[in-house]
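Student: I've got the sequence and the 3D view open. Can we go through it together?

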Number of protein chains: 2
Amino acid sequence: MTRSTILDGNSFSSADAGLLPSEDRELLERRRRVLGPSYRLFYRRPLHLVRGSGTRVYDADGREYLDAYNNVASIGHGHPAVVEAVHRQMRTLNTHSRYLQHEILDYAEQLLATFPAALDTVMFTNSGSEANDLALRVARHATGGTGVVVTAEAYHGTTSLVADVSPAMGREHPLGSFTTLVPAPDAYRRGGGAQLGEWFAGEITAAFGRLRSSGVRPAAFLADTIFASDGVLSDPAVLGPAVRAVHQEGALFIADEVQPGFARTGASFWGFARHGVVPDLVSLGKPMGNGVPVAGMVGRSEIVDRFGSEIPYFNTFGGSSVPIAAAQAVLDVIQRENLAARAEALGDVLRDGVRAHARRHPAIGDVRGAGLFLGVEIVSDRERRTPDSALALAVVNTLRDLGVLVSVAGPHNNVLKVRPLLVYSDADVALFLDRLDEALTLGSAAVPL
Amino acid sequence: MTRSTILDGNSFSSADAGLLPSEDRELLERRRRVLGPSYRLFYRRPLHLVRGSGTRVYDADGREYLDAYNNVASIGHGHPAVVEAVHRQMRTLNTHSRYLQHEILDYAEQLLATFPAALDTVMFTNSGSEANDLALRVARHATGGTGVVVTAEAYHGTTSLVADVSPAMGREHPLGSFTTLVPAPDAYRRGGGAQLGEWFAGEITAAFGRLRSSGVRPAAFLADTIFASDGVLSDPAVLGPAVRAVHQEGALFIADEVQPGFARTGASFWGFARHGVVPDLVSLGKPMGNGVPVAGMVGRSEIVDRFGSEIPYFNTFGGSSVPIAAAQAVLDVIQRENLAARAEALGDVLRDGVRAHARRHPAIGDVRGAGLFLGVEIVSDRERRTPDSALALAVVNTLRDLGVLVSVAGPHNNVLKVRPLLVYSDADVALFLDRLDEALTLGSAAVPL
């Protein structure tokens, strides 16, 4: 399962159970008994969390951690605006979209106003997985094809269909016969800019050609617009040529914004906008409700309407009152506090800070990202750009022990995946940089405290 | 789309927009513009709801409706225990299952204690669709087959895979090549009891045979244990022989408890338990969090563990803190207030009451169901059992105008689908019976007020 970057990169191993206090060992045993082996834990010494507030979470011993990873609580753990909106709506009404309610429309209109005009329709789901699943259904309906192109380490979710287009699931889960892969647009190793974009577009054209050769008609190119599981690949020159290639094949471009969307990647608000493209369909998720399950698919009405008028679709919780209230509160906070611009500015400060560390830490091979989505590539040899997964995991675990939460990504699990909350203070940024420096200094020599 | 029983049985048609006040027409227009045509509304004159409390919901004009349909708010709209639990958890922590938390385990253990001992593992999702999708993935992994048998009007959700096993989606959505149908076990037309069970088992065996003939190996028989979309078919003699037939084929039985579960169908708590069978996998959903999106799959550990140890699965919101807090509050209320026994008793009173109506209303062809899940079959000819969809829809719309919410089900849209909340008072039961009598008396002559 070496390719299973999403679920196993930074996972607890039961061999390390001895490192845990007895209370946590008991929780582990209960998990094993009732939840089964699908339920993995982060870190060599898993965290037992009991509280979250703003940019911090707290463990059962009262230790504080700076959250530089969880993009669900993007506007801060327990944000009072979301807490209050959900509480008010819970007391008022929580029902589905087969009754008229104006709140879902208020939110839909405000959300769509953040998109290019062509993206004028939204459907609500409960998860990014459901959103990607729906987007693929719509793309197949629109094109009459089934073939899907994704990047080599893509992860798009957990339903059967999206698992079949998620190579990050690892070799044990075979990809669909309708799925084919393209290499990820890795500017660090291939060089960036226009040349990278043209190369990537060529790979996509070739991939659709392979599908056609095996009798599979094109339906979609589905891509996370910051290629998170491929290692946080942020060169914005990539998607323009790619989307032209996709459309030449008669396929649709589905932008998976579950991770990069909602201002995470900076002032452009949506990851695709950094690339100067307009997708055909867009999937949304994680930070949309600050932890209340809500997600959705945005698309061009000429595509979505044809699907909707021919194929019944109803989602019981999707677009129901309480999830919409949470989503409304989140969007209001992001817009009122101008968090997209703040993410852009803080991201620059963070990347500059990490690049300054790189002068003292040769293990930092590359610092990239957009807004508050950073990738820090850890290498054993800068010249040869040799991935150093062991060191990356050591840094992740040391940071955990130093009170900062991050994880890893990429095909070699050697890219630090850093997603500070959008509401970081300047002091939070400084603390992060300080602790990262310390963790890199300790290096592989560090052992769990 | 005549077979599209789930989504179009009781839907608003834009041809009737003139019946609506201008404020609602404006909401309709906004819906059309931003949500697209997938978003259907209930009733000839859709309801614009603004508030819910206990067994009642209220429209924008302050009119009160007795909710005899929505099984999501099963323990009552805005139940204070759920409101408070969610509010407390929202302020405390809302994060995912990759950190240790004891609440998910407390809930998992309490939930599993309501199941037979063999069903000892649970995985959490956000929707019944995700739960059925996961159950099918697990069943395919366990059996090595892909073939799925479902009933003729089954509905199992909205992901690509479960839509492919949902004939209720209508002819526009072709079933999967791995899907085959059996007639529903309709005791009203075929006679009930042991003979019905044996016949049904024979149909299942034949269906798996058809799949094998076309090179498809069996994976699962997936059935809603009250066959809601097939018309609320409640004869408990059906699943025993069926499950034996399924196991003889080397397939698994997946009980879809999204609608019948959580005490809806009475004292047995789970729909499958009424049939005296133990499923291999069970999907849960709708009422689980009283409207907070939460769902899950329960199964035998020998099946679930094999999947979980080989295939990565992580669900960001599934099993996260707030959905679990909502689910915990719901389960506590159901158990503390003994609502399963109450559903059983109230269901008997309701069915007796409707049967008493049947003496005066020859349109009532059959009264069936279990607990607080009733089916009332409306016919134009009792002897010939001729479905009367027009009258059933008239009764549904008249009941709406009389302040009682129900809908229709079944292949002919002629079965009143009645799901009173589990917390009905005796007065609610009396009110429901009263209004049903009135609506049947008005019959097809009734026009919207």
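Student: Are H3(A) and H3(B) roughly parallel or roughly antiparallel to each other?
Tutor: Keep in mind that this is a predicted model, where local features need pLDDT of at least 70, side-chain atom pairs count only at pLDDT 80 or more, and totals for chains, interfaces and linings use all residues. The axes of the two helices, residues 80-92 in chain A and in chain B, come within 10 Å and cross at roughly 175°; axes are lines fitted to C-alpha atoms, for helices over the stretch in contact, with angles from 0 to 180 degrees between N-to-C directions, and helices are DSSP runs (H or I, at least four residues), strands likewise (E, at least two), numbered from the N terminus. Angles under 35 degrees count as roughly parallel, over 145 as roughly antiparallel, 65 to 115 as roughly perpendicular and the rest as oblique. H3(A) and H3(B) are therefore roughly antiparallel.

Student: Which residues of H3(B) does H3(A) meet?
Tutor: Contact here means heavy atoms within 4.5 Å. From H3(A) come Val82(A), Val83(A), Val86(A), His87(A), Met90(A) and Arg91(A), and they meet Val82(B), Val83(B), Val86(B), His87(B), Met90(B) and Arg91(B).

Student: How much area do chain A and chain B bury between them?
Tutor: Buried area is the accessible area (1.4 Å probe) that two parts lose on being put together, summed over both. The contact draws 95 residues from chain A and 96 residues from chain B. Carbon and sulfur atoms carry 60% of the buried area, and the total is about 8700 Å².

Student: Which residue of chain B forms a salt bridge with Arg30(A)?
Tutor: A salt bridge puts a side-chain nitrogen of Lys or Arg within 4 Å of a carboxyl oxygen of Asp or Glu. There are four between chain A and chain B. For Arg30(A), the closest N and O atoms are 2.7 Å apart, and the partner is Asp106(B).

Student: How far apart in sequence are the parts that Arg300(A) and Asp280(A) tie together?
Tutor: These two form a salt bridge, with closest N and O atoms 3.1 Å apart. Arg300(A) lies in the loop between strand E10 and helix H11 of chain A, and Asp280(A) in the loop between helix H10 and strand E9 of chain A, so the parts they tie together are 20 residues apart. Residues are numbered from 1 along each chain as its sequence is written, chains are lettered from A and ligands numbered from 1 in the order written, and side-chain values use heavy atoms, leaving out hydrogens and water.
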